Structure formats: structure tokens, C-alpha cells
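I opened my notebook to look up how two chains meet. My entries follow the structure below.

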Amino acid sequence: MKHLFFIVVLCSAIFGQSATATGASKTMNPAISANGLFIGRYFEPALPAYNGFILQEMEFQFSSVVDPYFQADITMALHPPHSHDDEDEHETHGMTVDIEEGFLKTFFMPRGFGFRFGKFLLPFGKHNPLHTHMYPFTHAPSSVMNIFGEHAAADVGGELSYSLPLPWYSEVIFTATDGNYEHLFDAGSSDLAFGSRFSNLFDISESATVELGGSYLQGPHGEHGEIEEEHHEEMAQFFGADLTFKWRDVRKSYGKALIWQNEFLTDAEGEKDGFYSILQFKFARRFWISGGWSSVFDSGVNEYKTQLAFVPSEFSFVRLESVYTDDDQWKFFVQTNFTIGSHPAHKY
Amino acid sequence: MKKIFISLFLASFLFAGKLEIVATLPDLADIAKSVGGEKVSVSSICKGYQDPHYLQAKPSYSRKMRNVDLLIFNGLELEIGWLAPLINSARNPKIKPGKFGSLDCSEGIPLLEVPHNELDRSGGDVHPLGNPHYLLDPQNALIVAQTIATRLSQIDAENSEIYQKNFDEFRRSLELKIVEWEKQSEQLKGLQIVAYHKNWEYLADWLGLEIVGYLENRPGIPPSPKHLKSFVEIVNEQEIRVFLAATFVDVNQAKKAAERTETNLLILPALVGGVQHVDSYFELFDFLIQKLMESAQ
């Protein structure tokens, strides 16, 4: 209900403005795009309930300038319900509707500052702020899912960011949110959640960059009784550190490229710590090969992934993936993706 | 690190009082330097040997844009894949779209290949507003220079006379060079050529070349074996002798196609700085005309 109310408010802000200002004109319509992710799965040992083909996610994005002061972005997703979804979620034909993001960005901040307000993916680490179709593999690494759950963590609140005037790109972000993301926090608590991220990106050559980042998040405990009694009075705290190396043959239109991304995540109690490392290599104009390792230290279970991706254009891909976990589970995926409409350019 | 801070400190004195301009393309940067003269400090995001369609939105580029007074861009969606996220992360209110510090240089350009029917992406990386490579006709640089001069005069009214004087000088020099280039290349009129990508339409239109086919039959999409076969057939049947490709395209693929024909593959800079010793807009056309003349002989 809360989600439904939120989208109605945002949509009325965008479409209401357009309608009154321009009547039936299409020029003020928001940029609209749709993105479909379909996946085929085969698990060995077999899990009959899981094997087969499903619609992994259908994502819709709307983006428009609202007025001289704001821009609005909305991302809605339809996907199969997660294990933690309850009956209050509005489901249609077995799918769950999520407002992944819906926020206003201001135009009137002083130089170097940015501010947004609404629901957004929490800027924690490198993986959490990604929409599903931008994941390096079909699913998030086990170490990320161990903390954030099956989907990226998003919350309602405000985000202030500032790019520091340094010889390299340096950004600091602060967030104050409702603390309503159930997988991390106690949604019933009136306490707010606070987060911060500090990232620095260095151009080590014309073709290569290194990014170093640190993230912090705290909010009301929400582990549904799993946390020991003495911790309940304290705030849940999460820490992250990430290192990303990117290289691309910048002198060629469709040159070779390499991405090596590493991230360590933990909570204050050290009960949910984990690490992943992902290596992606573009070896031909339309082909990528990738490998990944993720470890959840508490359980001691490691996850190994390999993937071959065929990317005919920036608007579609087909990926074949195998996943092996220490508990002798093999998973095989074939995933297809398409994007139609006016989809915003992705960040670096 | 110490050196970087000292350089920044010195640069702050050197550029004090100058208008800071960032251009998306080196050609635009060079024109802006000519018009702005001593009163501006100009840098370019894309290098001449990079494909402006596929630049990555590196945060270091947005850092370049953080403190500028004016952003000059090509427009017609050439920079669609990277400019918007850069403007967003630059957090410079002056250069937001619609602001005075944001200048689309395609204003007033007589465009080629403006589609008159509905487009979709089955045609590849199509440009729905028209072919964006208009800077490869030097006559269009006159319009761009005028656009830049007008905007500089609006932003920095105190020095408007200087901008107008610089523009007049640039126009005189370029008009003289255009006459010279046209004279040099007279025998190219009517020459049939093939090309890798739709980079060269404006150059061909200006010089009177006829482009009879493309290796990429759909922009940004690699040619199918069937298209490659028909490309080779066209080139051989019509005895095409000149095949143009920009420095940043898949040169191996172009070479393979050229080997199956008897064409002279010309790998040319499509932007200022695309090859060594082509460091200005004038030098770019000196080089292009010279190479075209050599291949046609």
C-alpha cells in the first residue's frame, strides 16, 4: 500500500505538470524504457521447483524534468515474489510489483553538491546500487545476497553528495533514510538509518582506472530475533570496502576491455562478512567471458561462477552461466535481456 | 602528488580571469580556441583517435566539467551514450541542459540524412535527428564558430569585441582555406568511393564525392557475410578505388574487405588529433585532401 501511494504521488508530480502545462503535447512526456530479463535454470542435484524458464524481471523506467527545480526518476519492476514477500505485497499473476526507485533530484544545489529525495538504491559498495540487468552475473554474489537479500537494498529518504575538488575524482555521499528495508533493518522501528560512502577514482593511464571505495550503513536492528538480546538496543551496522580496476582499449570503437571488481562486506558483529571478486574480459567485439568467486565466511560456503556473454548491441544480451558451490550444488543459467525505449546511459 | 598540487597552484594563476570551456570533441575545442583566443582556456573530453559514439563516461571527465563556464557539444545525439551522466555527476549548475553554459553546436547547421520516416533500432545505431558528423564539412565550422562567438559574447559581454574580432579572423582564414582546398580537390568531383561507417557524408557532400556503399550496412552493426559479399561485388563491379575508414574502427575487418577488392583503403582521422601532426582543424583538412588526392591518382 505504501509503495502504491508513493508511485501515485510521484506520477502525479510528473504527469500532472505535463498535462497542465502542455495539454496533449508529447514533447513533455518522460523518457520511458522497458527492460526484460528472462532466465532458464537447471540445478544439479535437481530442484524440480526451480528448474525451467521464468521471467526474472521486467523493469520500467520513467525519467523527466519536473519543473525548473527538479528532475524525477522512477524505476518499477515486476518479478516473481521473493521468499520474504508477505501477503501485503500486491501480486498479479504470481508476480510482485516493486517500486525499486522513485526520487526527485534538485537542480538548485551549489557547485559540487547533489541532492535527491525519495526511494533509491542505497549507495553501499559497487554491487548494491545496480539494477538487475546491470549485474555482472545473472544473480548477485552470495556475499552480497547474504547481507542485502535477493534484491538490492533500497529505502526512502534523502541523499546528499559532494564531489571533492581534488586532482582525481572523489565523492562523498551521506544518506538518511526511513530504515524500512526489512532485510537489513526493523521496519517497525521509528529510528532512521544513516549511511555514507566515500569513493575515489584514479586514472592510472588513458585506458585504465582504479576505484577505491568505503561504505557504511547503520539502522535499527531487524534480524527478527536472530540477534542476541544485548545487541537489540544497539544499531545494526554494516561496513564495506571495494576495489575496481577497469581497462579498455580506448582507441578502438569496439575494443577489448577488462573489469576486475572486488568487494568486502561485513556487519559490526562479524556474523555476515563475505567477499567477492569478479573478472570480466571482452575478448571480441560482441563477446565477454567472466569468472567470479564469492565467499560467505560465516558458513564457509564458496561460490564459483563462469559466464559467456553474447552482447550484439547495448540493448540486448544472451548469457550462459554455470555456478558451483562448495556444498556440491551445480546451477546452470541461460539469461536473455532486452531494452526498448529511451533508457538512460549507464554510469561508468 | 606534490607536483600535482604545485601544477594546480600555478595553473590557477595562469588561467585566472579566463573563461573555462570544455568541448566534447577536439574539433570543437580547436574552433573555440580560435574564437576565444587569450580570453578562454579550452579542453576537450574526446581525443581525436577515439570514437565519439562509444566514449565511456569516466568520472575524471566529469571532474573536468565541474568548474567550467561553458560546455560545448556536437549534439544530434552523437554524445548520447556518455554526456548526460557526465553532466549529472559534474554537479555544475552552469552547464545543465537549457542553461547558458550549455551550447549545442548543431544549431543552424544544414543537416544531412535527417530521416523523414519513423525509425527503429533494427537500422542499428541510427541518429534520428540527422547525421551528426557535420564538422567534416569546413563550411559548417563557420556556422559553429559564429554560434560559439555569440555565446561567448553573451557570457562575457565585456570581451565581446575581442570574440567578434577573433571570429572575423577565423572566418577569413577558413574561407581562404576552403577556396584553396576546393581548388586542390577539383578532380575528386564525382569520384565514387565506399566507406566503413557513415562518418564521411558531409565531406563527400562538400567535395562532390559519391559514396556508393558501406561496409557497415547498418551503423554500429558488424556486416553479415551476405552483406560483405554484396559489398565486395559492388566494389568490384563498379571498380571503386577508394575505401574510407576512420582510425578508430575495426581496421582488421576493413583490411580484410579491402583485400577482397582492389580498393585503396584509406584509414583517415575523422577528428583533430586522429593521427600525428594533425593538431588543428585546418591541419585536419590539409591531411584529408592530401590523402584523398594521393589515393585518387
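**Entry 1: the interface.** I started with the contact between the chains, which takes 39 residues from chain A and 42 residues from chain B. Contact here means heavy atoms within 4.5 Å. Before going on, I noted that this is a predicted model, where local features need pLDDT of at least 70, side-chain atom pairs count only at pLDDT 80 or more, and totals for chains, interfaces and linings use all residues. Residues are numbered from 1 along each chain as its sequence is written, chains are lettered from A and ligands numbered from 1 in the order in which they are written, and side-chain values use heavy atoms, with hydrogens and water left out.

Next I looked up the area. Chain A and chain B bury about 3,400 Å² between them, and 49% of it is on carbon and sulfur atoms. Buried area is the accessible area (1.4 Å probe) that two parts lose on being put together, summed over both.

I then counted polar contacts. There are 18 residue pairs in polar contact between chain A and chain B, both residues at pLDDT 80 or more. A polar contact is a pair of N or O atoms within 3.5 Å; within protein, one must be able to donate a hydrogen and the other to accept it, and residues adjacent in sequence count only if both atoms are side-chain atoms. The side of chain A that touches chain B has 18 nonpolar, ten polar and eleven charged residues.

**Entry 2: salt bridges across.** How many salt bridges does the rule find across the interface of chain A and chain B? It finds three. A salt bridge is a side-chain nitrogen of Lys or Arg within 4 Å of a carboxyl oxygen of Asp or Glu. One pair is Lys58(B) with Asp203(A), with the closest N and O atoms 2.9 Å apart. I also found Glu171(A) with Arg91(B), at 2.3 Å between the closest N and O atoms. This pair runs from strand S8 of chain A to the loop between H4 and strand S4 (102–104) of chain B. Helices (H or I, at least four residues) and strands (E, at least two) are DSSP runs, numbered from the N terminus.

Buried means under 20% relative accessible area, exposed over 50%, partly exposed in between (1.4 Å probe, protein chains only).

**Entry 3: helix H4 of chain B.** Six of the eight residues of H4(B) (residues 83–90) are buried. Among them are Leu83(B), Leu86(B) and Ile87(B). The buried residues pack against strand S8 (169–177) of chain A, and also against helix H3 (59–65) and strand S3 (70–73) of chain B.

**Entry 4: inside chain A.** I looked up Glu211(A) and found a salt bridge with Lys126(A), the closest N and O atoms being 2.7 Å apart. The two residues are 85 residues apart. Both are buried. Lys126(A), Arg197(A), Glu211(A) and Asp242(A) are linked in a network of salt bridges.

Asn262(A) lies in strand S12 (residues 257–267) of chain A. Asn262(A) is buried, at 7% relative accessible area. A polar contact of 2.6 Å joins its side chain to that of Ser277(A).

Methods:
Ala, Val, Leu, Ile, Met, Phe, Trp, Tyr, Cys and Pro count as nonpolar, Asp, Glu, Lys and Arg as charged, and the others, Gly among them, as polar.
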